[in-house]
Structure formats: C-alpha cells, structure tokens
Amino acid sequence: MTLTPQGRVLLADARGVVAAMDRLSRSASTQARRLSGRLVIGTIGAEAAMPYTRAVLRLLHERHPLVQVDVRSLHFADHFDALFRHDVDVAFLRPPVPPGVEVQHLATEPRLACLSASDPLVDRDRRDCCKVG
C-alpha cells in the first residue's frame, strides 16, 4: 500500500492528532486515578500515634494528596457503632471485631498487664500467668 499525494500531505497532521490523543488519554487516565474528597478516620487511644498508623496516613497523603483526611478520636465503648453509623469511613482499631466489619490486619503486638508492686501475681512466674485452667 502506498500513500497518495494527498495522503502524504495529511500524514504529518494525522501523526500529530494520534500523538495528541495519546497524551490526552494518558492525562485523563492520571486524573481518573487521582482521588479527592474527604476521608474521616476514627481511632481509639494511642492508635493514631502508632508507627503503622502513621505509615498508612503518610502513604495515603503521598498517593492521594487531594484527599482531605480528618482523624477523629473515638470512645472505646462505641467505636464500632461509629463505623456502623457512618460517623467515620474507616478506623484503626483492635480486635475482636463484630460481624459485618472488614478487617485489614496491620500489626501484631504483645499483650501485657501492669500490676501494682504489691499485687499477689507479681511473685508468680510470668509463664504461669497465661495458662488457662
């Protein structure tokens, strides 16, 4: 196949149109991936200061700088209710969680108990304190 003389004249313009459409398509795709709006994040206690929480918030800001993030402190007694009432969009919480809450596990931490120096359990071997029965 060969171009006609008229086709040769239009070839440069056609290539320019194809290149412009390609740039437009890439730009539209980038804009479509750019999130904006408001995200309300709930947290209880010191969860907002935990390293994994800060890392998630930092990554969210890096990837979606147009999203306005509001972090709300939740009361321990009704932190799951805040999710169900849609007072918050997502929350940094600790298990166990009730049915209907989707969980993304971020970290595992050891549990501990703080006791008064005069508590009778202080003298027990700590390996025995965790046994049931």
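Before sorting any residues, I wrote down the classes: Ala, Val, Leu, Ile, Met, Phe, Trp, Tyr, Cys and Pro count as nonpolar, Asp, Glu, Lys and Arg count as charged, and the others, Gly among them, count as polar. I also noted that this is a predicted model.

**Entry 1, the largest pocket**

I began with the largest pocket, for which I found a volume of about 820 Å³. I then looked up its lining, which is made by 31 residues, and I noted that Ala-91, Phe-92, Leu-93, Gln-104 and Leu-106 are the ones that lie nearest its centre. Two or more lining residues come from each of strand 1 (37-43), helix 2 (51-63), helix 3 (79-84) and strand 3 (90-92). Which element gives the most to the lining of the largest pocket? I found that helix 2 does, with four residues. Using the classes at the top of this page, I recorded 20 nonpolar, five polar and six charged residues in the lining of the largest pocket.

Where is a cis peptide bond? I located one that joins Pro-95 and Pro-96, with an omega of about 5°. When I looked up the place of Pro-96, I found this residue in the loop between strand 3 and helix 4 (126-129).

I then came to His-86, which is not a glycine and yet has a positive phi of about 65°. His-86 belongs to the loop between helix 3 and strand 3. Is His-86 buried or exposed? Its relative accessible area is 65%, and since exposed means over 50%, I wrote His-86 down as exposed.

How many salt bridges does the count come to? I noted five, and I followed several of them up.

In helix 1 (residues 5-33), where Asp-22 lies, I found a salt bridge between the side chains of Arg-26 and Asp-22, with 2.3 Å from N to O. The two residues are four apart in helix 1, which is about one turn of the helix. Both partners came out as partly exposed, Arg-26 at 47% relative accessibility and Asp-22 at 40%.

I next looked at Asp-70 and Arg-38, whose side chains meet in a salt bridge at 2.5 Å, N to O. Asp-70 is in strand 2 (residues 67-73) and Arg-38 is in strand 1, so this pair ties together parts that are 32 residues apart in sequence.

A further salt bridge joins Arg-85 to Asp-78, and here the closest N and O atoms are 3.8 Å apart. I checked that this pair still counts, because the rule asks for a side-chain nitrogen of Lys or Arg within 4 Å of a carboxyl oxygen of Asp or Glu. Arg-85, at 46% relative accessibility, is partly exposed, and Asp-78, at 28%, is partly exposed as well. I also noted that a network of salt bridges links Asp-78, Arg-85 and Asp-87.

Which residues make a nonpolar surface patch of about 300 Å²? I wrote down Val-17, Met-21 and Leu-24.

Last, I compared separation along the chain with separation in space. His-79 and Ile-44 are 35 residues apart in sequence, and their C-alpha atoms are 7.4 Å apart in space. His-79 is part of helix 3, and its relative accessibility is 6%.

From Asp-22 to Val-90, which are 68 residues apart along the chain, I read a C-alpha separation of 37 Å. For Ala-28 and Asp-123, which are 95 residues apart along the chain, the C-alpha atoms are separated by 67 Å. Ala-28 is in helix 1, and at 44% relative accessibility I listed Ala-28 as partly exposed.

How values were computed:
Residues are numbered from 1 along each chain as its sequence is written. This is a predicted model: local features need pLDDT of at least 70, side-chain atom pairs count only at pLDDT 80 or more; totals for chains, interfaces and linings use all residues. Side-chain values use heavy atoms; hydrogens and water are left out. On a 1 Å grid over the protein atoms alone, a cavity is a set of points where a 1.4 Å probe fits but cannot get out, and a pocket is an open set with protein on both sides within 12 Å along at least five of seven lines; lining residues have an atom within 4 Å of a point. Grid points are joined across faces, edges and corners, and a volume is the space filled by probe spheres set on the points. Buried means under 20% relative accessible area, exposed over 50%, partly exposed in between (1.4 Å probe, protein chains only). Patches are made of residues with over 30% relative accessible area and no salt bridge: like charges are joined within 9 Å, nonpolar side chains (Val, Leu, Ile, Met, Phe, Trp, Tyr) within 5 Å. Accessible areas come from the Shrake-Rupley method with a 1.4 Å probe; for residues, only the protein chains shown count as cover.
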